[in-house]
Amino acid sequence: MERNKNKVMLIAGAVLAVVGVVVWAYQIIAGLGVTGITQNYIWGLYIATFYVAAAAGAGCLLVAGIKLLAGGAADKRLFAGSISAHIVAGLLIGIDTGTITNIFSLVLNPKFSSSIVQDFWCLVLGFALAITGYVMTRKDKNIPKALAVVFVAAPALLMIIEGSMLSAMPGHPFWGTGTIASFVFAMLCMACCAALVAEIKEGLAKWILIAVMLLEVLISAFDAFGNLALGLSMSAYFAGEMGVAFALYVVVGVVLPAAMLVASNNRLVTVSAAVLVALGLVANKLWMLNAGFANPVVTLPTYSDPGITLIELVGTIGLVGAGLLIYALCMKEGKDSQ
Amino acid sequence: MRYGMAIDLQKCIGCGACIVACKSHNNTPKGIGWSHLVFEEEGTYPNVSIDVTPVLCMQCANPACVNVCPTGASWQSEDGIVHVDESRCIGCRYCIAACPYGARQFMEGKPESYYPTKGDKFAFMTAQEQNFKPGIVTKCDFCTARLEEGKEPACVATCPAQARIFGDLSDSSSKISFEIGKRSGKGLKADQAGTEPQVFYLPR
């Protein structure tokens, strides 16, 4: 059964990864304009999904660390999940900047005072920790408590830096309010989802998840209401494409999974709810980005509406599929070694 | 030397000649513009007016774009002008998000033709392709090449109302310093932006 599941993941992941690579190649030829970015909405679905992938990578590592500190056994699935989520995050940054070679420029010409560089190296650290945990688990080596503490601390640091990347920008004051909390909550949500999928303290994880999701909705609403003073009408946050993203987030990403988790303990329902939470977080981050871009200090006459193109959507799904492939490969290797 | 600009809002007639001069001199591609006019309605009927505010890169003394740039591609020369080193720009657009004035623009792809139905490539398009590479960020640099020739930026030289004053802010005897002092010139939403813009607006 497990082997069949892994095979399905391998095939589906491989197909999606190929689609992702094809879209990326097309995008390199045609330019980033095919993604629907505009001069004022300069980040879109790729970056929103990147935030969630990074939160997932951090969340898996966090649960792995907490489990170890609580005296539990090292869990290969959590490390594999963290590895694949980190890789997806890296791929999404690569596709968003155009080519993967731009990441080499970031490595070769780093300006460490820039929070994007700090974020990049925190991601690298998280990835290295996930690999370390995975390899040690595979080789049945004991993971020292000190390393488990690092597994817990590093993800929190990553989310704080990632949140501060947005919150410290004078150009778009909307992000200056609850952004850091929102990023930490995203990590906690993904950590709870990882615990639910890996069947670790499911009862506790379920209620923490529901509580954090509700807090996240409150933080988002607080951001919007708090920023009305800046002169934007409510419709700027809750109408048009932004309204769709917010509604998707609340209905599909919060209310529906919360109801599913409360109503049923069925495994399929639990996993589906976790997937919906992740999708909801993507919608939330997209809304957060767009709400910030909609509210600059100076609005120029050339401003245009945001939008997601089919290319961007397919490219994102393809790269997330690559993560599925990597996860399946990690689990396959693990099984052979047992 | 600290270059800066003062824009006299009393003199500006919103004709857009600055936009055309910028476009023409810098040969910016379709969809890219470094000089803008913001029109805002003021008052209530029947006492209404339209206020025009020209906007360009403010060459801030504390430039958020330079501070956030991960590779040092955005940098500030000693004369205060903020530049983009294309060879270092990785196209992350973090500087665009950081800029309070929308002064930076991203080359999403190759420059588009203004005349898509005409097959021939015009000379200006070849120049655009050389100067505006896909995946990089572009911005106003106060027409640095013109400054090196001893000329004023194109928008200043072309303004028919002489609403723009360009000069050295560090020289207290310069015309720009005098006018800013006399008219209490202020940066556009300077308190909110917090970047110490070096383009000053002389009030109406």
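Predicted model: local features only at pLDDT ≥ 70, side-chain atom pairs only at ≥ 80, totals over all residues.

A compact globule of 338 residues would have a radius of gyration near 20 Å, and the 19 Å of chain A agrees with that. Of these 338 residues, 53% count as buried. Among the contacts in chain A with a separation of 6 or more, 79% come from residues 24 or more positions apart.

Ile29(A) lies in helix H1, which covers residues 2-30. With a relative accessibility of 74%, Ile29(A) counts as exposed, because the cut-off for that word is over 50%. The C-alpha atom of Ile29(A) is 9.7 Å from that of Gly98(A), although 69 residues separate the two along the chain. Tyr51(A) sits in helix H2, residues 45-69. Its relative accessible area is 3%, so Tyr51(A) is buried, the cut-off being under 20%. Leaving out residues up to four places away in sequence, Tyr51(A) touches Trp43(A), Glu162(A), Leu166(A), Phe183(A), Lys285(A) and Leu289(A).

Chain B contains eight helices and 10 strands. Its radius of gyration is 18 Å, close to the 17 Å that the globule rule gives for 204 residues, so chain B is as compact as a globular protein of that length. The C-alpha atoms fill a box of roughly 50 × 40 × 35 Å along the principal axes. Of the 204 residues, 56% count as buried. The accessible surface of chain B comes to about 9600 Å², with 50% belonging to carbon and sulfur atoms. As for charge, chain B has 21 positive and 22 negative charges, and their mean positions are 3 Å apart.

Here is the part itself: strand E1 of chain B, residues 3-8. Is this strand open to its surroundings or enclosed by the rest of the structure? Six of its six residues are buried, so E1(B) is largely enclosed by the rest of the structure.

Next, follow its side chains. In a regular strand, side chains alternate between the two faces of the sheet. In E1(B), Tyr3(B), Met5(B) and Ile7(B) point one way, while Gly4(B), Ala6(B) and Asp8(B) point the other way. The residues on both sides are buried.

Finally, which strands pair with E1(B)? One partner is strand E8, residues 164-168, which pairs with E1(B) in the antiparallel sense over five bridges. Within that pairing, Met5(B) stands opposite Phe166(B). Another partner is strand E10, residues 199-202, which is joined to E1(B) by four bridges and runs parallel with it. Here Ile7(B) stands opposite Tyr201(B).

To put the picture together, E1(B) is a buried strand that pairs with E8(B) in the antiparallel sense and with E10(B) in the parallel sense.

Technical notes. Residues numbered from 1 in each chain as written. Chains lettered and ligands numbered in written order. Heavy atoms only, no water. Helix = DSSP H or I, 4+ residues; strand = E, 2+ residues; numbered from the N terminus. Rg over C-alpha atoms; globule rule 2.2 N^0.38 Å. Buried < 20%, exposed > 50% of the residue type's maximum accessible area, 1.4 Å probe, protein only. Areas by Shrake-Rupley, 256 points an atom, 1.4 Å probe, with all protein chains shown as cover. Lys, Arg positive; Asp, Glu negative; His and termini not counted. Charge placed at Lys NZ, Arg CZ, Asp CG, Glu CD. Pairing = 2+ DSSP bridges. Contact = heavy atoms within 4.5 Å.
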